[in-house]
Every structure is written in structure tokens, then in C-alpha cells.
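Subject: The structure for you to look at

Hello,

Here is the structure I promised to pass on. Have a look at it first, and then read my notes below.

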Amino acid sequence: MGTIYIDQSKETGLISQQIASLHMRYAYQRALETQQVDDIGQDYLACRYSEDELAFCICDGVSLSYFGNLASKLLGDALTNFLWELGEQAYDEAKALQEQLKQYLQQLTDSATAQLRNHVVPQHISGMLREVLEAKKAHGSESTFVCGKVQFSDSGMTKLALAWAGDTRVRMWSNELEKTSRLGGQFLTQERWSTVHGVIGEGPHVYTSTAHGAINKLHIYTDGLIALDDWTTAPTDGELTAMLEHSLTKPTSDDITFLELEVR
Amino acid sequence: MLNVGEIIGERYVVQSRIASGGMGAVYKVQDLRLNNKNWAVKHIIVDEQTTTHLDELSMLAKLSHPNIPNISDYIAPDREGNCFLVMELVNGKTLKEYFEQRNKRIPASKVVTYALQLCGVLEYLHSLAKPIIYRDLKPDNIMIDERDDIKLIDFGIARTYKEEQMTDTVALGTYAFASPEQLENKQTDTRSDLYSLGATLYYLLSGGSYYGHRRNVITTLDCSEELKSIVSSLLEYDVNDRAQTATAVKLAFLQLQFNDNGIQYIEVEDELLHQVNNASNVFDNTLFDAKNHKTIRLGNALEDKTEMLPVQGTAPMALPPQNYKVQATQSTPALIIYLLDVSGSMSKEMGTSRRIDVVQQALMTAIKQMVFRSTKGSRISSRYRLAILTYSDQVQDLLGGVKSIEEIARSGFSPVLEPQTFSDAAEAFQYAEQLLQAEISNMAQCPAPLVCHMTDGAHTGDDPEPIAKRIMEMSVPDGNVLVENIFISDTILDKAIPNVKLWSGIGDNDVLRNEVAEKLRRMSSVIPESYRKIMNEAGYGLQKGALMMLPGMNAELVSLGFQMSAATPVR
């Protein structure tokens, strides 16, 4: 049994980890301007795993909302635990999982709203910025997410469940043949979860598969790593590290979270 | 043949048959595992003659291009040899159906738009590590989808190009669109697809006639000489005389499109030249020169570049991409210059307030909106830089130059605007022009700047229109400088706007009721799609092509105008 909870206040360089037959790579990098002022990143990654199962959640806090890092951490931890504790039900029919997630994400707004109520706009902030932050607080903190759970053995991913709202990338392969289009393509920027409203948009969108070994590799990454969209195969460690570094040279540098799960 | 209701691969239920042909039938199916999503499934029966297709099927499944339906699944052959390709279902019509429904007449400009997309997809197929020759390009195999984009369907006889293979397998392409080498069972290569593209374009431009290898008929086409020349270069009998690459043909079409749009350009250090350079490196150093109706060789360091990119006068560079999609970031902020008329008439009533108070309120709301869009956590990461100028008989620079939104928020900026006397708009535009001249050279990576002008009547002093036009010709790579006008007046339109949210905006053909409004219309840019999208997301129904011109008939419309000025895409 193990857990991974990314520290949003610093970089996590590319890490490779073997969990039985599952090979995992992940990385976390704040946007350049966030690093420059040593602020907290708004992406988040959480995982829980055992010898044959792993649950995860990647969140991308919405910077236009109130402290997007709050929603991303809160949601990432909550969804990882929810899927983990759901047991075999996580791999039910997509509709059933979608319903359970909808209910849970709505319930979660109560505790989230209470947490947000206790969050105080720093005293030194005044004037127009305070006005704007107070207005944002009333609208809540928001985050997009991709969460999932995978059962694995030596022969591949035996069961898989994925759920998402927003434009965080999810890609999957079966023996080097990309199967991402099976997910249906509803990765919409305007969909997200709000501490006040719950899910905004039609999500969560859900995909489940119990086709033994059908999928053997997953990539999940936030839009800061948009350069990876053009890749049809997995980059090596060196290539990925170079892409992370290169992203910092762009004016549009954004937080990046990357997760790869592969049964080899 | 499959029956309706039959289940493929324990997952896809057959709904109906879409088409059938020599290489197999295509069915519409419903996905039991993915919310009953509809897909198209191609049923292929693999026998001894067609087993060579299996490798190609797996290769086709890896294709990824916006003008090719995505292949999402492949079900391997069963004992009887039935295998299936599951792909995106394209809702639309074939180009042939579309063309026939329009009595075989579609405008040449539309043909060029489709041709550009076809060149793009051929360019993609031909430049793969193992180039794919499509070999069956014809109106039957081109779909027009709901967004008026083309999709190339049915890769039934596509194959990878093997240089050593001197003769081709079977001349399967439809006669009228097949290249001479295909019909003669000779080796086909990527240039065979270019011939089929030419034959397809000939069919569309001739009202539905087939080309038939008769060179002289091209001169009878009802289109420009430049377009005829491109079609002619595609239909050359000898592959070595033919246009050589899809990239070169695409560039020729792009050039044609620009010429047709009347865009002038003099600079060559731009994306187009970059593409030309790439084309010359990667392909066969051949580019079709649409303007001079000939194929030219690029070989030696592009010495003919001025011939390819004609110089006309001294107009500033106005080359694509001008898409207004660059996002404002802290290091590449948007620049907005406000020009606010504070003439005497601004003291007139608008609802329960004076016009000038409504403007002041709308300006502050827009500034707060910019702070809102720039705030990350508890800090302002400035996405905007502003200059705020008021003008009467003199221009007053309220911020003392260009300031970041963070500086403005920290300063507690809260102007009190008071009406004065005259309305010297020309002087204000001139001041804005000078500010832009000082700023624009450092804005190559920034969104295109915007000048937002608010007035409530005719100008005094010089005519501001020529200066506004000069400003609109200034540009950064993201696009030309945008000019927006908010005209506070009760008499601008001949009808009221009962619901601002549902209002479609002012277009080129709308009737305006006074000359000031007509002048301001000429001084207004078309709203970029990126801005319009943001306004649409905020609930305003502005239509594509609407001008950045607001009739300030009430406080809500004035506020909408100021909101529009801040609708720059932000990171």
C-alpha cells in the first residue's frame, strides 16, 4: 500500500516507480511566473495504490476562481479516496459510476464551502484587489479533474475506470495503438467542479472497461504540457524532462502535472 | 452483409447501412459501452487476396488528422475473415451530393477553401514516414461535415508507397478522377493524388464535367486565370511536369486567397516564407507561382521570392496568421488604449445619470474585470496594460502613460470625469498613434493592441478617420490593431434593442441613422472570433462578423462596449 500527495509549493521532477507489474512516471512543475514569486501551484496529483490496484486524481485549479489551488487539492484528495474506497463498484457500468460520482461531487460542496468560509483574504490586501477577491470568494474555488482507478496484473490492465470534467488530457494505448478516441472527446475547457455549485457542465464523463488487457498504457496531463499532444508515442525520460524545461521558456508557461501508467 | 440489430465485437449494435462498395460496406452503429455513442463501422472481409490489407489497416488506425475520421477501434478477423474498423461517424453529405444539391454550382472561393483543406490532408498523408497515397480522391469520397469542413473517407484502396514497386496493383480509382499512370497500371506516387485533386477541382469548377485529359478545356472554366493555372498544373499528364507536392499547391492556393482578398504584403520573413523554405527543403524545390501562372523552381536560396510575394506599394505587413488568439500573460500582456470624449454634451442625461457618469462606471467595471482576469491566488499577475485618455479641446492622459493593471489597482485609481467643451477626436487618435508607435515594436509576442473610443457626437477639429485607419493598419503577428467605437446616441439605429443579450451586433449592412455613426462604423474593426467567443460565453449573442461598434443607447450597452474591449484571450 502506498500514497502520493504532490506538494503544490514546489517542483517534483520526473519520478519513475514500479508497483508490481505497473510502471508509473509522474512529474509536477509550477508555471514560470509562479516559481518566480514562489507561489503555490494550482495543479494537483494524488494517488493511492496496492500491489494490484491504483486510484489517482489530477486536478487543474481554475485561476480565475478563488484560489484555484484550494479546490484542486481538496477535490484531488477527495476523489482519490472516494474511488479507492468504492472497491469493485468503481468498475461498474459507466452510467452507474457517473451517478455515484455526481452525487458525491454535489455532497462534497458542503464541506468545501465550509472550508472556504474559513479561508481569509490576507489582511494586507486592500482596495480593488480585495473587492475582486471577495467577489471571487462568493463564487467559490474551482478545478477541473481527471480521476481513475485501475486494476492490473502481469497481463495488463484488467479493469479500468476513468472520470473527468474539463480539458485535462487523457490518452490511452493498447500495444502502441492509441485508443483515446474511445473516450468520446468531451474534454471541454468550461467544464469543472466548483466548491459552490458542484459540477459545472455535463460531467463527469465516465469510461469503464473490464476488457482484460485491452488497454496497457495511460497518459494524463494538464494543459501546461500541451506540447505532448503532438506525440503519438510515449516520450523517454530525457525527452519528457526536456519538454518540461522547454515549457518554462514560453510566455504561456502554465502549471504541469504528468502521470503515466503502463503495464509492461 | 450485416443485419440491423446485429452486435459486432460484443459492443457495437448495427443501426443501419450507410454505404457499400467493392472494398466492403459501412454501417452506422451504436456503442453499448460508451453512452450509446454512434460510430461508423467498416466491414471488411479478409480473404487470401486481401490479407495484405491487414498491415495497412493497422497503419490506417494510427492516422490522426482533423480532415480524416478518427479510427477508434479495430476488430481483428474472425474465422470467416470478417474484420471491422470503427471510426468517427461524419454527419454531413458527400461533396458530390452537396454539389448536386446546389445544381452543380458552387462559388470558386468555396472550391478554393475545400481545396486548401484537401491539400492539407494530402500533405499529411504524403509526408508520413511511410507516405500514404490515397489513390481514390473524388467527390464521392469527400464528406462535407456540419461545420463545412471536409473529411476524406474510405481508405479502401489507399496504400503505402514503395519505390521499388514499379507497377501498381489494380487501377481501382474512378476513371474520371484517376491519374494517367493509374489508368495505365504504372507506378503511382504522391503526385497521382495531386492529379485526382485537379480532376476533382475541374469537376467542381466546370459545373460537373469530367476532365478527360483534354488540356484545352481548362481555359473554359468559369474562374480566375490564377485558379485555372493551378488546376492546369495539377492536371499535367506527365508526373514530372505536374505540381510536385501538396505543400506547394497549398501555398499557391493560399497566395491566391490572399490576392483575392486584396491583402497587400511586402515582408517575406513570415510564416508563409517559413513554409516555403520548409517546402523547398523537404520537398522538390518546386512551387507554383499563382500570380505569374507558372511553376517556378525554388532551388537557389529563394532568389525569386519577391516574384512569389508581390510588392504593392508600402503597405505594412498584413500576413497570416492574424487570428487574435495570442493569450495575454504576465510577460506578454494586452495593451488597451481608451479614448474618452468628455465634451459638453456628455453632461446630458442617460436614464437617471449623466452620460459621463455611466461611462465612468463602465470604465471602472471593465478595470475590475481585468483585475479579476489577472488574479491568481492573492496576487495580480498583470494580463493587461492600459492608457486612459480623455479628450475635449485637449487630450489628458489620466495615468501618465501606459500602466499595468496591477499598478492601476494598487494606485487606487478612481477618476472623476467632468464634461468640458469641445470634442477633438483627431488629437486623441493622434496621441494613441504615438503611444502605439512607441509600444508596438516590443509587442511581437503580445495580443494585438486595442483602441477603445467612446464618443457621443460629431467631432470638432480635424477628421479622426484617416488616423484611425492608419492605426488599424499597424500590426503585430497576432493581428492588426483593433479599433472599437462606443457611440452614445439615441438615434443611431432605427429600432430599439429590447434585449441586449440577444442582440447580434452591428454589421456592414445595417442601416445607421446618422453620419457620425457611419463614420464610426468605417473606423471600427470586425470583432475577432476569439473576442466574440468570450462575449458569447458571457451570454451575449454577437454574431460572426459583427463590428466592434456599440450603440450606447443605454447603460447596459455602454458597459457591454467596455467589456468587449477587455475580452482579450488570457492565459
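B:Glu515 sits in helix H14 of chain B, which covers residues 515-522. Please keep in mind throughout that this is a predicted model. Is B:Glu515 buried or exposed? B:Glu515 has 9 other C-beta atoms within 10 Å, and because a residue with 12 or fewer counts as exposed, B:Glu515 is exposed.

For another spot in chain B, go to B:Val13, which belongs to strand E2 (residues 12-21). B:Val13 is partly exposed, as 16 other C-beta atoms lie within 10 Å. Which residues does B:Val13 touch, leaving aside its neighbours within four places in sequence? They are B:Gly5, B:Ile7, B:Val29, B:Gln30 and B:Leu32. Of these contacts, B:Val29 comes 16 residues away along the chain, with a C-alpha separation from B:Val13 of 5.2 Å.

Helix H6 of chain B, residues 225-234, is mostly covered, with 8 of its 10 residues buried. Among the buried ones you will find B:Glu226, B:Ser229, B:Ile230 and B:Leu234.

Now to chain A and its helix H5, residues 237-247, where A:Leu240, A:Leu244 and A:Ser247 are buried. Looking down the axis of H5(A), you would see these buried residues fall within an arc of 65 degrees, so they line one face of the helix. The general rule behind such a pattern is that an α-helix has 3.6 residues a turn, so residues three or four places apart point the same way. What covers the buried residues of H5(A)? The cover includes three strands of chain A: E2 (12-19), E3 (22-29) and E14 (256-263). On the other side of H5(A), A:Gly238, A:Glu239, A:Ala242, A:Glu245 and A:His246 are exposed.

Last, the place where the two chains meet. How many residues does each chain bring to the contact? Chain A supplies 26 residues and chain B supplies 30 residues. On the side of chain A that touches chain B, helix H4 (residues 127-139) gives the most, with 6 residues. Sorted by class, that side of chain A has 13 nonpolar, 7 polar and 6 charged residues.

Enjoy exploring, and write back whenever you like.

Best wishes

Methods: Residues are numbered from 1 along each chain as its sequence is written. Chains are lettered from A and ligands numbered from 1 in the order in which they are written. This is a predicted model: local features need pLDDT of at least 70, side-chain atom pairs count only at pLDDT 80 or more; totals for chains, interfaces and linings use all residues. A residue is buried if 20 or more other C-beta atoms lie within 10 Å of its own, exposed if 12 or fewer, and partly exposed in between; C-beta atoms are placed from the backbone. Helices (H or I, at least four residues) and strands (E, at least two) are DSSP runs, numbered from the N terminus. Two residues are in contact if their C-beta atoms, placed from the backbone, lie within 7 Å. Ala, Val, Leu, Ile, Met, Phe, Trp, Tyr, Cys and Pro count as nonpolar, Asp, Glu, Lys and Arg as charged, and the others, Gly among them, as polar. The arc is that of the directions from the helix axis to the C-beta atoms.
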